Amino acid sequence: MLNFFFENIENLSINENITSWIEYIITHEGKKLGDINYIFCDDEYLLKINQDYLQHDYYTDIITFDYVKGKKISGDIFVSVTRVTENAPLLSKSFDEELHRVIAHGVLHLCGYKDKTEAEIKEMRNKEDFYLNAISEFIAL
């Protein structure tokens, strides 16, 4: 089951078909949907998560907590809407495009993809691009 929560921000308008797209990513990766919670928040909320749980003292756009068991994908994905808003124009993307990239990024982490080395980052970006190219099948852009 996919759930969307909002902490310290106004509720975002999440297209109802976004769940079908996320499920597509999961099944296309050969996995099964468990319980995934997307928590959309502001910078300060995510900074506190980063400090308390990861001992990192910096802002980030996303933090993923992995509860995967075998092929069943479960986890908590925290997304800073503040970071997405600020990063979008820096990357020459719309807010929605950057939000979708971050949403895909989180679920790809749950599917086993990492982004620590240059090779991992390249593979992650390729996967993000692949699934972003498929989003129009689910959501009218």
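**Reading the terms of a predicted model**

Biologist: Why is Phe65 called buried?

Modeller: The relative accessible area of Phe65 is 18%. Buried means under 20%, exposed means over 50%, and partly exposed lies in between, with a 1.4 Å probe and protein chains only. Since 18% is under 20%, Phe65 is buried. The model is predicted: local features need pLDDT of at least 70 and side-chain atom pairs pLDDT 80 or more, whereas totals for chains, interfaces and linings use all residues. Residues are numbered from 1 along each chain as its sequence is written, and side-chain values use heavy atoms, without hydrogens and water.

Biologist: What makes Tyr53 exposed?

Modeller: Its relative accessible area is 53%, and the limit for exposed is over 50%, so Tyr53 is exposed.

Biologist: How do you know that Tyr53 and Phe65 form an edge-to-face pair?

Modeller: The structure holds ten aromatic pairs. Tyr53 and Phe65 form one of them, with 5.8 Å centre to centre and 75° between the planes. Rings of Phe, Tyr and Trp (its six-membered ring) pair if their centres lie within 6.5 Å; planes under 30 degrees apart are stacked, over 60 edge-to-face and the rest tilted. The distance of 5.8 Å is within 6.5 Å and the angle of 75° is over 60, so the pair is edge-to-face. It links distant parts of the chain, twelve residues apart: Tyr53 is in helix H2 (residues 43-54) and Phe65 in strand E3 (residues 62-66). Ring pairs also link Phe4, Phe6, Tyr38 and Phe40 into a cluster.

Biologist: How many helices and strands does the protein have, and what counts as one?

Modeller: The protein has five helices and four strands, in the order β-α-β-α-β-β-α-α-α along the sequence. Both are DSSP runs numbered from the N terminus: helices are H or I with at least four residues, strands E with at least two.

Biologist: Why does the radius of gyration of the protein agree with that of a compact globule?

Modeller: The globule rule is 2.2 Å times the number of residues to the power 0.38, and the radius is taken over C-alpha atoms. For 141 residues a compact globule would have a radius near 14 Å, and the protein has 14 Å, so the two agree. The C-alpha trace spans about 35 × 35 × 30 Å along its principal axes, and buried residues make up 43% of the 141 residues.

Biologist: Why are Asn8 and Gln55 called exposed?

Modeller: Asn8 has a relative accessible area of 53% and Gln55 has 61%. The limit is over 50%, so both are exposed. Asn8 lies in the loop between strand E1 (2-7) and helix H1 (18-28), and Gln55 in the loop between H2 and E3. Neither is a glycine, yet phi is positive: near 65° in Asn8 and about 55° in Gln55.

Biologist: What makes Glu97 partly exposed, and what makes Gly70 exposed?

Modeller: Glu97, in helix H4 (residues 95-110), has 42%. That value lies between 20% and 50%, so Glu97 is partly exposed. Gly70, in the loop between E3 and strand E4 (72-80), has 63%, which is over 50%, so Gly70 counts as exposed.

Biologist: Where do Glu97 and Gly70 lie relative to Val84 and Lys31?

Modeller: From C-alpha to C-alpha, Glu97 and Val84 are 9.5 Å apart in space and 13 residues apart in sequence. Gly70 and Lys31 are 8.5 Å apart in space, C-alpha to C-alpha, and 39 residues apart in sequence.
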